[in-house]
Amino acid sequence: MLETMSFEVTLAGSAREGLAELTQADSGDPFHVVLMHWVMPEMEGLKAAQVIRESIPLQQPPKVILVTAYGNELASDQAERAGLLGVLAKPISNSSLFDGIEIAGGAVLELDGPRAPAPPTRPPRSAAPCADGRRSGGR
């Protein structure tokens, strides 16, 4: 979805893979936004966001947006307490996704679980975590 909006998209198959992507990109072309799915293999999204905020020494920490199928007050409350920028509830429209990225201001990393590799061409940089096999972020 974000690729059609000219974002460069990086997909990670798990939170650990996404955390490694963030660390590697930090000194060169860092991610500005992470779309983090609430439910992921190995580590749930709120825990991964905590690791980004507290345990990885990033020069330019990204803004994190929680992506969830549970679009309720609980998700919003937990995301706010965790210091996340906001919550996107599925199904996600093009306009709500674009607005969320625009508010966050930049590149996106998508952590979303196993999926096909992204195409080799890359526009603006973005990244995000998700575990349901659907695309919801861009780089």
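The largest nonpolar core of this predicted model holds 23 residues, and Leu19, Met36, Ile52, Val64 and Leu84 have the most contacts inside it. A nonpolar core is here a set of buried Ala, Val, Leu, Ile, Met, Phe, Trp, Tyr and Cys residues joined through side-chain atoms within 4.5 Å. Buried means under 20% relative accessible area, exposed means over 50%, and partly exposed lies in between (1.4 Å probe, protein chains only). At least two residues of this core come from each of H1, strand S2 (33-37), helix H2 (45-54), strand S3 (63-68) and helix H3 (73-81). H2 gives the most, with five residues. Helices (H or I, at least four residues) and strands (E, at least two) are DSSP runs, numbered from the N terminus.

Leaving aside residues up to four places away in sequence, Ile52 touches Leu19, Leu22, Met36, Leu58, Pro62 and Val64, where contact means heavy atoms within 4.5 Å. A second, separate core of 13 residues includes Met5, Phe7, Leu11 and Ile65.

Residues are numbered from 1 along each chain as its sequence is written, and side-chain values use heavy atoms, with hydrogens and water left out. Because the model is predicted, local features need pLDDT of at least 70 and side-chain atom pairs count only at pLDDT 80 or more, while totals for chains, interfaces and linings use all residues.

The overall layout comes next. The protein chain has four helices and six strands, and from the N terminus on its elements run β-α-β-α-β-α-β-α-β-β. Of its 139 residues, 50% count as buried. Among contacts between residues at least 6 apart in sequence, 67% join residues at least 24 apart.

In helix H1 (residues 15-25), the buried residues are Ala15, Gly18, Leu19, Leu22 and Ala25. They lie on the same side of H1, because they cover an arc of only 135 degrees around the axis, the arc being that of the directions from the helix axis to the C-beta atoms.

Strand S2 is largely enclosed by the rest of the structure, since five of its five residues are buried. Val33, Leu35 and His37 point one way from S2, and Val34 and Met36 point the other way. S2 and S3 pair in the parallel sense over five bridges; two strands pair if DSSP finds at least two bridges between them. Within S3, Leu66 is the residue that stands opposite Met36. The chain crosses from S2 through H2 to S3 in a right-handed β-α-β crossover, that is, with the strands pointing away from the viewer, the path from the first strand over the helix to the second runs clockwise.

Val87 sits in strand S4 and counts as partly exposed, at 27% relative accessibility. Its C-alpha atom is separated by 5.8 Å from that of Val67, 20 residues apart along the chain. Not counting residues up to four places away in sequence, Val87 touches Ile65, Leu66, Thr68, Ala75, Ser76 and Ala79.

Two loops complete the tour. Pro91 lies in the loop between strand S4 (86-89) and helix H4 (94-104), and the peptide bond from Lys90 to Pro91 is cis, with omega near -5 degrees. Asp29 is found in the loop between H1 and S2 and, at 38% relative accessibility, counts as partly exposed.
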